[in-house]
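Visitor: I would like a close look at one part of this protein, namely its charged side chains. Please take me through them in one connected account.

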Amino acid sequence: MPPKTTVLVAVPLPPSFLLPRSCLQSSKRAVQQTRSFGIKSLDSPRVNPYNNGPGLPGLLSTPKAAYERKIRSDTLPLRTGALAIKRGMTAIYDTESGERIPCTVLQLERNQVVHHKTMKEHGYYAVCVGAGTKHPKNINKPELGHFSVQGVGPKRYLQEFRVRDEQGLLAVGESIHATWFMEGQYVDTRSDCKGKGFQGVMKRWGFGGQPRSHGHSLSHRSAGGTGNGQGGGSRVYPGKKMAGNTGGQRNTVQNLKILQTDEEKGIVLVNGAVSGPKGCLVMIQDALKKPWPNVPPPPKPVEKNAELREAIGAKIGTSQNGL
């Protein structure tokens, strides 16, 4: 018998909105896709609507792009800061209104520029400022050689202050006095808070404690229950307020007004309180959230510093050759 011929019958398809998305795009995928293995997505990739409009710059993750964003947002100071020692608090009286103004006494001790950080070598601009003095016998040889090459005496404290561009880099060896800050301008101070050691929840977080009624003997200052209910997984969440080390963290106090300066004694009077105990190190720099002060341009590099560095380098070389 001759083979039967197959008859194709056209079956009407349902409306397009009832068909799955895979059926509508099957013809396109057959042309575009050449692989027949692996996991395939049924949905076409969607365009990211965020930061993708006309005229919007793309977000870059390179250090140079981050530095440019900082410049545009005006979050880098124009000039370097200074290191000071907190001497305590006092008060002055306003001659016109008679108001008593509490202030903090900060003293600058032999502030001097030690080193520079440049965009070409380090990826950012910064000024390394040293303060205080230190005996050479208490410094290791690499650090002592660094001070010698720069032509600066050994310093007890070292701290970097970031600046916006190359114009904020002071000459190496340049001294920073109390008159670096003008009366009436605003500054930001950074220092470490007082360390309290290991403390309970009442002193550390201000808990009220347990009741003083019956059944609460020897538990008046305890934290109580720290777990959650049945929905919390019967566990203690990370970050729960408990007893532990209190204080000692870095704190920034913004927008403090300079009341008085004394260049001879190196004293700067700042309105309000500054974090930290007496004798702590305080970093002072121009306030970010206030207009920049109108200060004269920084002095040009002094040639004697370069000559001093060359003389010290030659002296070190001769001593090493002699050894």
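Guide: K203 is found in helix 6, residues 201–205, where helices are DSSP runs of H or I with at least four residues, strands are runs of E with at least two, and both are numbered from the N terminus. This is a predicted model, in which local features need pLDDT of at least 70 and side-chain atom pairs count only at pLDDT 80 or more, while totals for chains, interfaces and linings use all residues. Residues are numbered from 1 along each chain as its sequence is written, and side-chain values use heavy atoms, with hydrogens and water left out.

K203 is exposed, its relative accessible area being 51%; here buried means under 20% relative accessible area, exposed over 50%, and partly exposed in between, with a 1.4 Å probe and protein chains only. Together with K194, K196 and K278, K203 belongs to a patch of positive charge on the surface, a patch being made of residues with over 30% relative accessible area and no salt bridge, with like charges joined within 9 Å.

Other charged side chains are paired: the whole structure holds 3 salt bridges, each defined as a side-chain nitrogen of Lys or Arg within 4 Å of a carboxyl oxygen of Asp or Glu. One of them joins R79 to D286, with an N to O distance of 2.7 Å. Because R79 lies in the loop between helix 3 (63–72) and strand 1 (82–93) whereas D286 belongs to strand 12, this pair ties together parts that are 207 residues apart in sequence. R79 is buried at 9% relative accessibility, and D286 is buried too, at 3%.

A salt bridge also connects E160 and K117, at 2.5 Å from N to O. E160 sits in strand 5 (residues 157–162) and K117 in strand 3 (residues 111–117), so the two tie together parts that are 43 residues apart in sequence. In this pair E160 counts as partly exposed, at 28% relative accessibility, whereas K117 is buried, at 16%.

R250 and D192 form a further salt bridge, in which the closest N and O atoms are 2.9 Å apart. This pair links distant parts of the chain, since R250 is in strand 10 (residues 250–262) and D192 in strand 7 (residues 186–192), 58 residues apart. R250 is partly exposed, with a relative accessible area of 48%, and D192 is likewise partly exposed, at 37%.

Note on methods: Patches are made of residues with over 30% relative accessible area and no salt bridge: like charges are joined within 9 Å, nonpolar side chains (Val, Leu, Ile, Met, Phe, Trp, Tyr) within 5 Å. Accessible areas come from the Shrake-Rupley method with a 1.4 Å probe; for residues, only the protein chains shown count as cover. Lys and Arg count as positive and Asp and Glu as negative; His and the chain ends are not counted. The place of a charge is taken as NZ of Lys, CZ of Arg, CG of Asp or CD of Glu.
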